[in-house]
Amino acid sequence: MTEKLYEVLGVKKDASKAEIKKAHRLHAKKHHPDLNPGDKASEKTFRKIQAAYNVLSDEEKRRQYDAGEIDAEGKETPRQFYREYADAGGDHPYASSAGFDDLGDIFSDIFRAQQHGGEKAHIRMQGGDIGYRMEISFLEAVNGATKRVTMPDGKTLDITIPVGHRDGQILRLRGKGMPGLGGGSAGDAHVEVHIKPHRTFRRQGRDILVKLPVALNEAVLGAKVHVSTVRGSISMTIPPGSNTGDTLRIKGKGIAAHGKNAAGDQLVTLSVMLPKKSDAMLESFLEDWSKDHSYDPRQGMEG
């Protein structure tokens with residue numbers, strides 16, 4: 001996998017940035033559609049050259065490609081470098097220039113070549129991708145949600161967060177990036193979604209984990225108590241003789257079924273809590289009870 005893009009540009013895997021730039025300039029001039037009108041093979045090769053250069057000319061994307069974190073075609077991952085708009089420099093905070101640093105010279109050569117041939121130059125190129133970072137709540141990620149963001153041109157866009165979205169996953173919005181050149185199609189927008197932690201819930205696969213405090217009498221005698229789930233509060237039975245660390249499973253109350261994924265469960269781990277204030281009656285009872293019912297919970301831990 002890691003050799004494919006290097007082969008497109010005809011360079012070795014350890015090629016320097018200057019060597020990659022030189023190879024790109026050579027091949028892009030040779031196969032540019034405006035110099036090969038009607039040649040579908042050259043047009044296809046040119047697109048491959050651009051895709052390869054967009055990855056290999058950027059140090060971080062080249063590292064990700066070599067590590068197998070992004071594929072050769074960039075499907076479902078950004079194909080052009082993007083950064084969080086708040087940190088971006090340049091005239092436009094959303095713009096990306098990766099893959100275009102020496103195309104100006106190439107275009108100049110094309111213009112000169114076509115002018116000598118009496119043709120009018122026409123450049124058609126897909127627009128650049130742009131990136132966003134978005135933070136959503138734990139419950140929005142688990143249950144799905146619709147979030148509204150403001151695009152670079154001031155327009156708003158409603159983004160659908162799918163059920164069970166994971167932290168750091170990137171949503172790809174086709175055609176919502178920068179406009180193209182010469183009638184070329186718009187680029188894509190890539191939204192990296194991060195999830196705020198929840199004070200009660202944690203996620204494990206498609207299951208939801210909860211720690212539930214229970215009173216001493218509820219643990220000893222059993223009880224019906226209310227427990228929160230990601231979709232509201234429900235009643236749950238605590239069996240008599242329950243103890244701290246016991247885990248009860250509530251079927252189907254984890255992440256809801258979505259697509260090919262079955263619903264997860266909620267796993268409730270009990271934590272027996274004594275009264276916060278001293279209770280003379282309880283202390284007296286336990287003193288009498290322990291005379292005939294003492295036991296060692298630490299038995300077997302020695303050695």
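Mentor: Let's start with a word we'll need: a residue is buried when its relative accessible area is under 20%, exposed when that is over 50%, and partly exposed in between. Also keep in mind that this is a predicted model.

Trainee: Okay. Are F138 and F201 buried or exposed?

Mentor: Both F138 and F201 are buried.

Trainee: How are the rings of F138 and F201 arranged?

Mentor: They form a stacked aromatic pair, with 6.4 Å from centre to centre and 15° between the planes. F138 sits in helix α6 and F201 in strand β6, so the pair ties together parts that are 63 residues apart in sequence.

Trainee: How many aromatic pairs are there in the whole structure?

Mentor: A search finds 3. Another one of them is W289 with Y295: the ring centres are 6.4 Å apart and the planes at 80°, so that pair is edge-to-face.

Trainee: And how accessible is Y295?

Mentor: Y295 counts as exposed, at 63% relative accessibility. W289 is partly exposed, with a relative accessible area of 34%. Together with F285 and L286, those two make a nonpolar surface patch of about 450 Å². L286 belongs to helix α8, residues 280–293, and is partly exposed at 37%.

Trainee: Switching to strands: what is the order in the open sheet of 4 strands?

Mentor: The order is β6-β7-β11-β10, and the pairing is mixed. β6 and β10 stand at the edges with a single partner strand each, so one side of each has no neighbour in the sheet. On average, neighbouring strands are turned by 30° against each other, ignoring direction.

Trainee: In which sense do β7 and β11 pair?

Mentor: Parallel, over 8 bridges.

Trainee: Now charges. How many salt bridges are there?

Mentor: The count comes to 8. One of them joins D265 and R249, whose closest N and O atoms are 2.8 Å apart. D265 lies in the loop between β10 and β11 and R249 in strand β10, so parts 16 residues apart in sequence are tied together. Shared partners join R249, K251 and D265 into one network.

Trainee: Is D265 buried or exposed?

Mentor: D265 counts as buried, at 8% relative accessibility.

Trainee: What about E192 and R133?

Mentor: Their side chains meet in a salt bridge too, at 3.7 Å from N to O. That one links strand β5, where E192 is, with strand β1, where R133 is, and the two residues are 59 apart.

Technical notes
Residues numbered from 1 in each chain as written. Predicted model: local features only at pLDDT ≥ 70, side-chain atom pairs only at ≥ 80, totals over all residues. Heavy atoms only, no water. Pairing = 2+ DSSP bridges. Axes fitted to C-alpha atoms, helices over the stretch in contact; angles between N-to-C directions. Patch = residues over 30% accessible without salt bridge, like charges linked within 9 Å, V, L, I, M, F, W, Y side chains within 5 Å. Areas by Shrake-Rupley, 256 points an atom, 1.4 Å probe, with all protein chains shown as cover. Salt bridge = Lys/Arg side-chain N within 4 Å of Asp/Glu carboxyl O. Buried < 20%, exposed > 50% of the residue type's maximum accessible area, 1.4 Å probe, protein only. Phe/Tyr/Trp six-rings, centres within 6.5 Å; stacked < 30°, edge-to-face > 60°.
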